[in-house]
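Hello,

Here is the structure I promised you. Please open it first, then read my notes below.

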Amino acid sequence: MPDSPTAETRSDPAASRLRDLHDRVMMPNYAPMDIVPVRGRGSWLWDESGKRYLDFAGGIAVSALGHAHPELVKALTEQAGKLWHVSNLLTNAPALELARKLCAATFAEKVFFANSGAEANEAALKLARRVAHDRHGEDKHEILAFDNAFHGRTLFTVCAGGQPAYSRGFGPVPSGISHLPYNDPAAAAKWFEKNGERTCAVIVEPCQGEGGVTPATRKFVQTLRACCDRYDALLIFDEVQTGMGRSGSLYLYERLGVVPDILTTAKALGCGFPVSAVLTTDPIAGHLVVGSHGSTFGGNPMACAVAGKVLEIINSPELLGNVEQRSQQLIAGIEALNAKHGLFSEIRGIGLLLGCELESRYAGKARNLLSACTESGLLTLVAGPGVLRLAPPLNISEAEVEEGLARLDRSVERFLKSADRSA
Ligand SMILES: *Cc1c(COP(=O)(O)O)cnc(C)c1O
């Protein structure tokens, strides 16, 4: 059979007809890879041509239980046959059950549901402003955030983020947000001495994800906690990427020994079904009075049925223990590979969120390494121009991590060959 579409895409994945359609019908804010995945199972994805990829990207640290997990498919399809949506004019059983489980598993006493990380952070920041307004009046509205932080893409959250390039060029932006260097406790303490009275909240990722996979030091978050206590400001942990088992604990705050006032969680919460949550205590939650905030879809039965099952599976000793073991295996493997190739200056991260910083002679080339990985059948992420980021499923097997390391080894060889050619 000459020229069947399958043969065509097999010979040249770049000729994907679906990928061409993207450029015709989608706004140009994304530049997706040439391959178009059509099916996933466990730690694997298949593209249109039938090529198989080991997925260490997980849709940006979302697919924490891999693809098409049978228990999640069951939870979703069972709920789909019962009830999809009622809005917040009514409550629903899956949302109440998920909220109950989140409160039981964390410091939280109250939960607000939304649909994305940005929406959860938007709600958290609004809540912090409202609490300070009620308690101290309108002058206490300043928000402290950090350089290189990422908190989402709404106008408020993108300004809380510490990458000015993302918020520039959209006209007037919300005011009252300041940025300091990350992991600099002295700078934070000094800033509070001057501005503490006016400060309503600190928002921080306990490990910066997009900004380079940089874990916070204990000293840093302990200092933020102490400053917030002293000046009655609220400490917001953005655990959108670090939460739901990624660190080997359900939430990273448990490991740091610092309890936030507000915590946001999204990404892996629905393992690919859009859902997010804001967690907090009773006294803080009390300020979000009837009518003060809301969402049409937030807490919808479908999302909450899936997330309830995700939480049940992830918050178990077996799953969290696997994160520890596979993390050690993966780090040891990358270090061995690096001893051979001398490509990375640092390998860092938490649990199964790892960042491999490229040596200075390969500065800015993380995307090239990612492309080499894709060619070798390994999907990865970057975190800025100089860091390769890995976020495999939390239930990945020992054999799959070995396979991933073998593919990474081939990718590094491929990358070094082309880097040497262009040098
Ligand atoms: C991904 C991410 C967000 C934004 O989440 P969206 O669902 O894309 O809105 C916010 N904060 C952190 C730390 C993230 O990693």
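A residue is called buried when its relative accessible area is under 20%, exposed when it is over 50%, and partly exposed in between, using a 1.4 Å probe and protein chains only. Helices (H or I, at least four residues) and strands (E, at least two) are DSSP runs, numbered from the N terminus.

Two notes on the source. This is a predicted model, where local features need pLDDT of at least 70, side-chain atom pairs count only at pLDDT 80 or more, and totals for chains, interfaces and linings use all residues. Residues are numbered from 1 along each chain as its sequence is written, and side-chain values use heavy atoms, with hydrogens and water left out.

Start with helix H9, residues 185-195. Its buried residues are Pro185, Ala187, Ala188, Trp191, Phe192 and Asn195. Seen down the axis of H9, they fall within an arc of 160°, so they line one face of the helix. (The arc is that of the directions from the helix axis to the C-beta atoms.) On the other side of H9, Ala186, Lys190, Glu193 and Lys194 are exposed.

Now the ligand. The residues around it (a heavy atom within 4 Å) include Ser116, Asn121, His151, Asp238 and Lys267. Helix H6, residues 117-136, gives the largest share of this shell, three residues.

Look at the polar contacts too (pairs of N or O atoms within 3.5 Å). A backbone N or O atom of Ala118 sits 2.7 Å from a ligand oxygen. For Phe150, a backbone N or O atom is 3.2 Å from a ligand nitrogen.

Best wishes

Terms used. Polar contact = N/O pair within 3.5 Å; in protein donor to acceptor, adjacent residues only side chain to side chain.
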